[in-house]
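Please go through this structure with me, one question at a time.

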Amino acid sequence: MPQQPARGTRLFTVTADTLVAVDFGPRTKGRPPGPYGRLFARPGTRAFTLANLLARLPMGMFSVSAVVMIAGTRGSYALAGAVTATGLAATALVAPWTARLVDRYGQARVAVPATLVAALGSLALLLCVRHDAPAWTLFAAYAATATTPNTGGMSRARWAHLLDGDPDALHTANSLEQAADELCFMLGPVLAAFLCGAFFPEAGTLVGVVLLVTGVLAFAAQRSTEPPPSGRTTTGATTTTPPAPSPLRSPGMPPLLAVCLALGAVFGSTEVVTIAFADAQGHRTAAGVVLALQAGGSCAAGLLYGRVRFAGPAEDRYPWCVAAMTALLVLPLLAASLTGSLLLLSAALLVAGMATAPTMITNMTLVQRRTPDGRLNEGMTLAVTALLGGIACGSAAGGWVVEHLTPTAGYGVPVTAAAVALLVALARQGVRTAAA
C-alpha cells in the first residue's frame, strides 16, 4: 500500500513537457490578530470586560423597570417620572464624588460598597412600591441608587492604564467601550420590559440588582488589571504627592462637557419624540424596536470605527464627527414630516445612529486626554453626568414640543441640540487654532 507524503513536503513530477509541483503543506496560515484580537490578547482583559458588561447591563434596565413598576401599581406616570427624575438629579450630584473616591482609594475598595448601597436603595424602592408605602419613600429610596459607580468609566480607566503609550490601541478600546454602552442601552430596556410584563412588575428591578451586584463583584475581583489608586500608600504611610487638580479646571474640558450636555439632549429628545410618534401612528409598542435600531446602528459603527487607524489627531476630526451627526439627524425629521411612515423613520434612525458612536468615542478620547493623572474616573464620570443632564433637558424639551405642537415637529429638537453641539465644537476648535 503506497504511503502518503508527509505534511510540509513537496512532490515533483513531469507530464509531457510540464513540471508539476504538489505542495502538501498546510493550505492556510494563521492570520495576525485584528485590533480587537490584540486588545484581548493581554492577560485579564477578557475577564474584566465580561464582568463589566454584566454590571453595565442594568444601567439600561433600572429606569424602565421603575417606571413600569410604579405606574403599574400606583396608576400614575407622573409619579413614576418624578421619581426617576429625582434619581437622575441625585446621580448628577453624587456620581462625581463617588468617582473621585474610586480614583483616590481604588476601584475594588470603593465600587463594591457603593454598589451595595445602591442595591439596597433599589430593593427598598421595590418594597415600598410592593407594600404601598407613602409616595415620599419612593423618592428617598430611588435617590439612594445614586451611589451606583460609573462601571463604564472604570472599564475605560483600566484600558487607559493597560494601554499607556499606545494611542491606536486606546482608540480601539474606547470604540469597544462605546459599542458596549450602546449594546447595554439597547438590550437593557427590552429585557426590563419583558421581565416586568412576563412575570411581575418588580421583576425588572430585582433582576437588575442581581446583575449589578454580581457584575461589580466579579469586576472588582480582577485585581491584576486594576489601575493603582492616586492615594496609594508606601510602607504604611500616605504618599506626599499633591492631589491632581479637578478635571473641571483642565484646559479644554468645559467645552467637551458642554458638547456632552448637548449630545445628551439629542438622546433624551429622540427617545421621547419617537415614543410619541409611534403612539400617534398606533404602534406604541414598536417604539422600543425603533430605538433599538438606532442604538444598533451606533453599536455597529462604533466597532467599525475602532478598526480604522487615523493619521491626524482626534482634535481635528472631532468637529467633523459632530457635523456628521448633525447632518444625519435631519433624516428622521424628513422621514417623519414627508412620509409619516414608521418604517422609513426606523431606517432613518438606523442611519442617523451610525454617527453617534464615532462622535462619542472621539469625545471620550479627548476627555481622557484632558483629565489629569489620577482622576480619570472622575473625568469620565463628569462627562457621563453631563450626558445625563442633557438627557433630562432633552426629554423635557421633546415632551413640550410633542404636547404643544406635533410629534413630527419634535424631531427638530435633536437637530437643534446637535447644531448647538457643533457650534461649541467649532468654537473650541477655533480657540485651539488661535492658541497654536
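This is a predicted model: local features need pLDDT of at least 70, side-chain atom pairs count only at pLDDT 80 or more; totals for chains, interfaces and linings use all residues.

Residues are numbered from 1 along each chain as its sequence is written, and side-chain values use heavy atoms, with hydrogens and water left out.

Q: How many helices and strands does the protein have?
A: Helices (H or I, at least four residues) and strands (E, at least two) are DSSP runs, numbered from the N terminus. On that basis the protein has 18 helices and 4 strands.

Q: What percentage of the residues is buried?
A: Buried means under 20% relative accessible area, exposed over 50%, and partly exposed in between, with a 1.4 Å probe and protein chains only. Of the 436 residues in the protein, the buried share is 47%.

Q: How far apart are the end C-alpha atoms of helix α3?
A: The expected span of a helix is 1.5 Å times one less than its number of residues. For the 13 residues of α3 (residues 62-74) this should give 18 Å. The model agrees, with the end C-alpha atoms apart by 18 Å.

Q: Which residues of α3 are buried?
A: An α-helix has 3.6 residues a turn, so residues three or four places apart point the same way. In α3 the buried residues are F62, S65, A66, M69, I70 and A71.

Q: Are α3 and α5 roughly parallel or roughly antiparallel?
A: Axes are lines fitted to C-alpha atoms, for helices over the stretch in contact, and angles run from 0 to 180 degrees between N-to-C directions. Angles under 35 degrees count as roughly parallel, over 145 as roughly antiparallel, 65 to 115 as roughly perpendicular and the rest as oblique. The axes of α3 and α5 come within 10 Å and cross at roughly 15°. The two helices are therefore roughly parallel.

Q: Which residues of α6 meet α5?
A: Helix α5 (residues 107-130) packs against helix α6 (residues 135-143) at about 160°, with axes 7 Å apart, which makes the pair roughly antiparallel. Contact means heavy atoms within 4.5 Å. From α5 come G121, A124, L125, C128 and V129, and they meet, in α6, T137, L138, A141 and Y142.

Q: Is the crossing of α10 and α16 left-handed or right-handed?
A: Helix α10 (residues 253-280) and helix α16 (residues 376-404) pack at about 40° with their axes 5 Å apart, and are therefore oblique to each other. A crossing is left-handed if the near helix is turned anticlockwise from the far one by less than a right angle, and right-handed if clockwise. The crossing of α10 and α16 is right-handed.

Q: Is L338 buried or exposed?
A: L338 lies in helix α13 (residues 330-339). Its relative accessible area is 69%, so L338 is exposed.
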